[in-house]
Amino acid sequence: TVLQIQPTQCESGVLVEPVIRQEERSVRWLYCGFSRKTAYKVAAESLVLLKNENNILPFKKPLKLTLFGEHANSIYTILGDYTPPQNTEALKTIFGALKDINPETEYTKGWDFYGSEDDFDKALNMTDTTDAIVVCLGGSSSRDFFGVYNDKGQTVETKSVFMDCGEGRDVCDLKLPGNQLKFLKELKKKTGMSVKQIADKT
């Protein structure tokens with residue numbers, strides 16, 4: 001692979017000046033309409049959707065929507081560990097985006113990456129008055145700006161965020177981290193929903 005890639009890099013001049021300078025021209029291109037439309041198209045085409053049983057989606061607005069999960073209110077958890085520092089005021093979380101299109105959206109994290117159940121009761125009680133439930137699940141490759149790394153780039157100490165995928169953060173299994181599965185089971189017990197119906201209380 002290296003033998004295939006390096007000749008192209010040499011021909012293109014990448015190895016002569018490997019650092020891309022942040023010029024005004026390149027910044028303008030990154031934020032222009034064409035670049036944004038292309039990024040949106042790539043993201044939309046890369047999504048994997050589950051079977052839409054009973055026509056749960058799209059939700060019929062307006063409705064009281066309850067959102068759970070640490071990912072739902074975090075910018076960096078969705079952007080990943082190669083993300084440079086961002087102007088978070090210019091970006092929207094999943095919660096923020098849903099709130100914009102459906103003002104009756106409420107959020108609390110519910111489950112916790114480190115296993116705390118402090119928010120379980122609040123989350124489960126919120127299901128009493130909701131029309132629909134959305135739960136964000138999965139690992140985190142959120143960039144840790146304050147972590148301590150050794151000379152091999154491996155994580156020695158996590159300072160600010162939970163991270164179980166990304167460079168230097170390998171795991172030995174694909175289990176949902178923290179108490180996500182336990183929270184789902186408690187949610188099922190409280191609402192009577194099966195996991196496949198987790199997105200719709202009705």
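How many residues does helix α7 have, and how far does α7 reach from its first C-alpha to its last? Helix α7 spans residues 180-191, twelve residues in total. From end to end, α7 reaches 16 Å, close to the 16 Å expected at 1.5 Å a residue. This is a predicted model.

Start with the buried side of α7. Q180, F183, L184, L187 and T191 are buried in this helix. These residues cover an arc of only 100 degrees around the axis, so they sit on the same side of α7. Their packing partners are β1 (65-68), α6 (120-126) and β3 (132-135).

Now turn the helix over. The face of α7 directed away from the buried side carries K185 and K189, which are exposed. Just after α7 comes G192, with a positive phi of about 80 degrees.

K190 counts as partly exposed because its relative accessibility is 37%, and buried means under 20%, exposed over 50%. D128 is partly exposed too, at 48% relative accessibility.

The whole structure holds seven salt bridges. Side chains of opposite charge can pair when their charged atoms come close. Two further examples follow.

K41 and E45 join their side chains in a salt bridge of 3.0 Å, N to O. Both lie in helix α3 (residues 33-46). They are four residues apart there, so about one helical turn separates them. E45 is exposed, with a relative accessible area of 58%.

The side chains of K92 and D100 also meet in a salt bridge, here at 2.4 Å, N to O. K92 is exposed, with a relative accessible area of 55%. D100 is partly exposed, at 46%.

Which residues form a nonpolar patch on the surface? W29, L30, Y31 and F34 do, with about 520 Å² of accessible area together.

Technical notes:
Residues numbered from 1 in each chain as written. Predicted model: local features only at pLDDT ≥ 70, side-chain atom pairs only at ≥ 80, totals over all residues. Heavy atoms only, no water. Patch = residues over 30% accessible without salt bridge, like charges linked within 9 Å, V, L, I, M, F, W, Y side chains within 5 Å. Areas by Shrake-Rupley, 256 points an atom, 1.4 Å probe, with all protein chains shown as cover. Salt bridge = Lys/Arg side-chain N within 4 Å of Asp/Glu carboxyl O. Helix = DSSP H or I, 4+ residues; strand = E, 2+ residues; numbered from the N terminus. Expected span 1.5 Å × (residues − 1). Buried < 20%, exposed > 50% of the residue type's maximum accessible area, 1.4 Å probe, protein only. Arc of directions from axis to C-beta. Contact = heavy atoms within 4.5 Å.
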